[in-house]
Amino acid sequence: MSAQEKKPKERVGVYICHCGTNIAGVVNVAEVSKWAGENLVNQGVVVSRDYKFMCSSLGQELIQKDIKEQKLTRVVVAACSPHLHEKTFRNACKGAGLNPYLCELVSIREQDSWVHTDKVAATEKAKAIVAGGVSRVVYHEPLIPLKVPIHPATLVVGGGITGIQAALEIADAGFPVYLVEREPSIGGHMAQFDKTFPTLDCSACILTPKMVDVGNHANITMLTYSEVQKVEGYVGNFAVTIKKRARYVKTADCTGCGICWEKCPKKVIDDHFEAGLGYRKAVYTPFPQAVPKYPVIDDINCTYFQKGTCKACEKFCPTNAIDFTQKDEIITVEVGNIILATGWDLFDARRVTNYGYGRLANVFTNMEFERMSNSAGPTGGNIVLRDGKTTPRSVGIVHCVGSRDKNYNNYCSAICCMQSLKFAHLVHEKTGATVYNFYIDIRTPAKAYDEFYQRIIEEGTLFVRGKVAEVTDAARNPGEEGKLIIQVEDTLVGKQRRIPLDMVILSAGLEPRADSKALAKIFGISCSVDGWFIERHPKLDPVATMTEGVYIAGCAQGPKDIPASVAQGAAAAARILGKIQQKEIALEPVRATIHEEHCSGCRICNTMCPFNAILFHEDKMVSEVNPALCQGCGTCVTACPAGAITGTGFSNEQILSQIDGLLLLTLDKKKEAVA
Amino acid sequence: MSDYLFYPGCSMESSAKAYYHSVMSVCKALDVKLNEIEDWNCCGATEYLSLDVTPAYALIARNLALAEQQANGATTVVAPCSACYLNLSKADHYMHENKAFGEKINAALAAGGLHYDPGQLVVRHLLDVVINEVGLDKVKGKVVKPLGGLRVAPYVGCMLPRPDYNSRYSDSEHPYELDDLLKALGAEVIDFPLKTACCGGHMTQIGPATAFELIRRLISSADDYKADVIVALCPMCQMNLDAFQGQVNGYFHTNYKMPILFFTQLMGLAFGEKPENLGFGSEFVSAHEAMKRIGVQTPVPEEAKPARKKPAGLPMPPLRVRAGLKSATGNKEATE
Amino acid sequence: MNEKVIVNDPPSAGPVVHEDLSLLHDVSLLTPGDSHIEMCIQCGTCGGSCPSGSAMNHTPRAIFAMLRAGMRDEVMKSNTPWMCVSCYYCTVRCPQDIHITDVMYTLKNMSLKSKMVQDSTASDFSRTFIHYVENYGRSFEIGLAGIHSVTHLRLAARLPSMAPMALGMLTKKGMSPLPPKHIKGMKDLKKILKRAKELEAS
Amino acid sequence: MTDIPETKPFEPVIIGFTCNWCSYRAADMAGIARMKYAPNVRLIRLMCSGRLDPTFVFKAIAGGADAVLVSGCHPGDCHYSTQNYKAMRRFHLMKRVLTQMGVEPGRLKLLWASAAEGQIFANEINKFVEEVRALGPLNWNKAGIEIPIEAAVEEVKA
């Protein structure tokens, strides 16, 4: 089995990329290329070259020329990670008439030059990696991608501004969309905001028309008060199981007249839409412009569900739309692609105990302030202290609460600077109070953002450069009594300052949804350490994921503002529309196959397969893999006691010979040592 | 209840005898067996660390080495003093985290025939043991004389909740362990905003103006909340707030009479122990009045010389001027 | 706090002359554990949190900037580390997980060794304290306060009410005016400390 | 081995099996972030740790590797639902078999690393390399090399 004993039957070309100095700065590429040309002849190497940028068109042409002139039957490129350029080099081979799967890309950048500093060791490692690739590639087989039809429908998870945008783009193009939203209404966080920066448009004024469009769109099926439970299948053909929670309201009969929530005797603190600052009833719509307009009964707070009597809503409903017997409903929809636009959670400011939120009455969060400033909110748009009536005469706005802080979240939440500037403006405008902004850095990098900052400075907001050390009510002198005191180092002065204030607003950061990891698991994608969904490429492929057919958009991918969220929603939609229009999709042919003549019919593989892709033919007493269901994990290949299963692309021969190749140098050295 | 290795610390032998007696009484009541580490030495407080690194850590580590030697199955070192607790856990932490550093300290210990394996012992403060090992249920069960009507300011200080290498406390700024304990004793606990603020530490000796201000803030805040007593859990905190209260009053022209007690003293009272056996009467600011309010007769401390008499001829300002001069003429002093 | 006590170094004219770029590295190396000192983003959380900040001639944040700028002499002369009360507020609040209190100890060590300490009140107090520990194995509060105030702080003279306090220590607290007894292993402790000092110097 | 100067520390060679969805990406992540780690590990990409055939591990050991790293998604995070649990079971089996063959169990390591855990991946490799370095070269039957009978006999005597 050892590669050396075999007579080379393949003609292999080896191409070592410099990647500028990215690889060549650490790995001696010329030496690796020379070594491969001289020492891997037994393995079939007939050409070995190094080049500045293999992925450039000149580099690709170099390979194509060799394929034609040298009659190469196999190609090994040693460059960056296959996750970046595998497709590039496969396509280059295809262009020269070589089956793309006869090309192997091995990583000497991410896994070698970028992570090592010892040049000699890195060069030796590169040789081993190349030898591994060469030994492996001779066992590659020409493969043809599997083509499967694409279901034209798309699932959009999350009915915030990102999901709304994505759903409308696809629906407007004429394809069906299922829009799933956990809350009773679509709209998301944007529906809670008062004004939007930097133009100070009323948030509801620009959002609600879009919400209405979604509600009326013939191609959009809204599934509100619903959650995705399970996703099966693969790109083009997903089967999605969705739980529709019982609303206890018959939507066919309900007119959304609102009599039920008027009559409902049970008042509940609304810690969701009103951020804890206001109340709602046990039967409610989150806000007047809710889409859909039908209310839900919150069975945890409803008197009837808790005590067995009341039913006031049912008594007064003019259309008999209340139905206490409704049960949760499980439905399954079939879609070809999925967009996750699940948004964000607000950082819990109580965790920063030195800022006193939850302990000191007049410390508010940004979300509370949004609701307070909103004319449809609990104070009718009046900015007042926790007593509900006193207008503050001095207000401090604290940036970076829970963000850019290793004690909480490392990242910058991206929106807080602009949001805090917006707050400063609103406080000024509505109360005339003195406003302080406490910041570490002011970040206003988008269009018209810095102009907004200039405007706020001009309005007279006082800026203190320093991360607030603490907010306290422990007065040190009579001037501080009865006030909140912000203690901070004014870093531009180099002195500690204590600033007595009536109100403090904490710009709490954005966090991934608390259940983002569970969600990622349902959809088969990954999360960063923080919990944000990971895109396929941070720069070049920001809305796709490593899982074909699953896209991400908006804050689920990372903190961003409304314009960026909308752009991502539209981008994900465009990507999907492009796929749907091709009507079918090519799948990677990494699949398992069972050699019937070797199969003993033991059925061990049947239970191993997580996708139920292996059928057992009772008549022939053998198993067979359904290539459309097989995902290519290879577990059955390993489990088969008869060795009757082959994993395409990852066959035993390929892996075992790669091990041989990787250890070629090591073994030589050991032999030398023994000799 | 299991045995603990006990590191009392120097103050317990001198300025904080009240703490010592009350700790012993309370631990006995709770079946917490404390085996004093034989021949322990001073932890160096914050002073040795200011001068040298290796000797400072070697000094601390000697105690850990002795404790490990005498462990006899016990794994926990209990320190009642926050500074001692922090130093012991700090040495264990850095010796464990940085292997080379641990080896260096052990090389020093070897000169005295000792060795400590970092990570072998767990260092805990007495409060932590009472809350998390004994449990509040057991504490409640021992209460025979609840402290109803006594308003207490729970004062935790710095070095217990910070840096808290092993995340033992509920929060580094507003931990609730001491509050819970005092509530279990039946006391009325105020939401003390300066719960973990600084008592001034050694600044009473170095920059009294700074220290006095820190002490004033604490006492004044507790007074604003109408606390009857401040409860401390560290001899340094207790001494700064108690022994220097007179000076602070003189310096700021205030007239605070805030008794500063150890949490174990209140525990002992609630457990029905006689005040005499809990070190009452040794405080500078008498707790007599405050305790009388809840029907407890504590010994009246023997009045020392009138401390609040205005010193003739030496008005208040000198310290400030001096402090100001200190920096401005710094160079001059150094060349003297 | 009385603002009048703050006296900053007079601003020196012209740019920083002797940039000592190894300074930051030195401080990092001499601090046990990973201090993360190079990670400072100059946010001022430390300076804002410091209970004795008003008595410092530079805030801790400014000190970190000066370390970066290689202003060795200015840092060594600063009273900042000596005003540190070891409350660890800065350490737990620091968004960059810099072990600020530990760095302050390192700066004290370094400034003593550089002999650039401007006001030796604090370091002399430490030395007096450690004198007892090195010779008896235990500290001695009464003797400490006494010696320190008489020889150095002149506390008794400046604040006459300190005298009754010391008296109170004897009467109320029942403290002994005699130095502590030696610990039994004093000989070994001395050996340990001697060896530690050699290791420190090496 | 006498021609190797004594001052040069032993540099083990380790074969690492990675999962396409998590640990291989963790390695990429470590690269993108330019985290530095020891150059002793050569990685092989599998689609899933569930594909790991024990033969691969024995082949690597027999072929001259001093140790083998098996890595996959965290339990519960498998891209193919639960296949990493199968890898985990096989890992314990392989460890036992290797021990019976006279190979120190410390030469086989299991590492869970998600795509985001480049730092963990780099740190664990460094740790593992040091552990294997401490174990020394795998000289178990002069792994993978045919030894003349005489030499083998002498070795047994020694």
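Modeller: Of the 202 residues of chain C, 60% count as buried. This is a predicted model, where local features need pLDDT of at least 70, side-chain atom pairs count only at pLDDT 80 or more, and totals for chains, interfaces and linings use all residues. Residues are numbered from 1 along each chain as written, chains are lettered from A in the order in which they are written, and side-chain values use heavy atoms, without hydrogens and water.

Biologist: What makes a residue of chain C count as buried?

Modeller: Its relative accessible area is under 20% with a 1.4 Å probe, counting protein chains only. So 60% of chain C falls under that cut-off.

Biologist: What secondary structure does chain C have?

Modeller: There are 12 helices and 0 strands in chain C, taking helices as DSSP runs of H or I with at least four residues and strands as E runs of at least two.

Biologist: Why is the pair Arg61(C) and Glu489(A) called a salt bridge?

Modeller: The rule wants a side-chain nitrogen of Lys or Arg within 4 Å of a carboxyl oxygen of Asp or Glu. The closest N and O atoms of Arg61(C) and Glu489(A) are 2.8 Å apart, so the pair qualifies. Across the interface of chain A and chain C, the rule finds 2 salt bridges.

Biologist: How many residues does each chain bring to the contact?

Modeller: Chain A brings 18 and chain C 21, contact being heavy atoms within 4.5 Å.

Note on methods. Buried < 20%, exposed > 50% of the residue type's maximum accessible area, 1.4 Å probe, protein only.
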